[in-house]
Amino acid sequence: MYPTSIENLIESFKLLPGIGEKTAERLVFSLLDMEQENIDFFAHNLKELPNKIKRCEKCNSITEDKICNICNDNTRNNKVLCVIDDAKTIFLFEKMNVFNGYYHVLDGLISPIDGINPEDIGIEKLLDRIKKEEYQEIIFAFKPSIEGETTSSYIKKIISDIDIKVTRLASGLPMGADIEYVDSLTLERALNDRTEIS
């Protein structure tokens, strides 16, 4: 039985996705071996995270400012908007340097089984943006799943009166795969070979 402070920290690490008992123990014992200065740095950054990070008022991504760096970048292609359901996907695309348009982050995907309806994922904000800005193409970059298909079909239907091309990532992505775990070549090909949604 570990001392209470160690047990509490192990339980804290286990709150993170993919961290089980053994990994949590290793992380705690790594911290015990750290210099106090590094522990203070770690603790400070952890505490500051929820205070510093907010949602971009334009695209709903995560940022430390009111408007994120991408939305503030007027050198990007303002004719293409990539709609995603997780802000992590933006950083993945940007790291690969395969997309130069703008992004919009939904608050998840429609999933009636889980009680998540269209009004729960921030579609209104997306629609306002599509109506105000002159995009020529909307790309849906959702994970290949029933929820992704449902969300794509729903948005496509409600913007059907707007003259805009609607595409999705090509089918090189395996069904049910999480985009963040797809290799960069497959993801780049899926983006470049995207298909129009009928």
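Me: In which helix is Phe91 found?

Reply: This is a predicted model, in which local features need pLDDT of at least 70 and side-chain atom pairs count only at pLDDT 80 or more, while totals for chains, interfaces and linings use all residues. Residues are numbered from 1 along each chain as its sequence is written, and side-chain values use heavy atoms, with hydrogens and water left out. Helices (H or I, at least four residues) and strands (E, at least two) are DSSP runs numbered from the N terminus. By that numbering, Phe91 is found in helix 4.

Me: Is Phe91 buried or exposed, or in between?

Reply: Buried means under 20% relative accessible area, exposed over 50%, and partly exposed in between (1.4 Å probe, protein chains only). Phe91 has 42% relative accessibility, so it counts as partly exposed.

Me: Is Cys82 buried or exposed?

Reply: Cys82 is among the residues with the most contacts inside the largest core. Its relative accessibility is 0%, so Cys82 counts as buried.

Me: How far is the nearest cysteine sulfur from that of Cys56?

Reply: A disulfide is a pair of cysteine sulfur atoms within 2.5 Å, and the structure holds zero disulfides. Cys56 is in no disulfide, and the nearest cysteine sulfur, that of Cys59, lies at 3.8 Å.

Me: Where does Asn60 lie?

Reply: Asn60 is not a glycine, yet it has a positive phi of about 75 degrees. At 9% relative accessibility, Asn60 counts as buried. Asn60 lies in the loop between strand 1 (54-55) and strand 2 (62-63).

Me: Is Asn97 buried or exposed?

Reply: Asn97 also calls for a look at its backbone: phi is near 60 degrees, a positive value in a residue other than glycine. Asn97 lies in the loop between helix 4 and strand 4. With a relative accessible area of 66%, Asn97 is exposed.

Note on methods: Core = buried A, V, L, I, M, F, W, Y, C linked by side-chain atoms within 4.5 Å.
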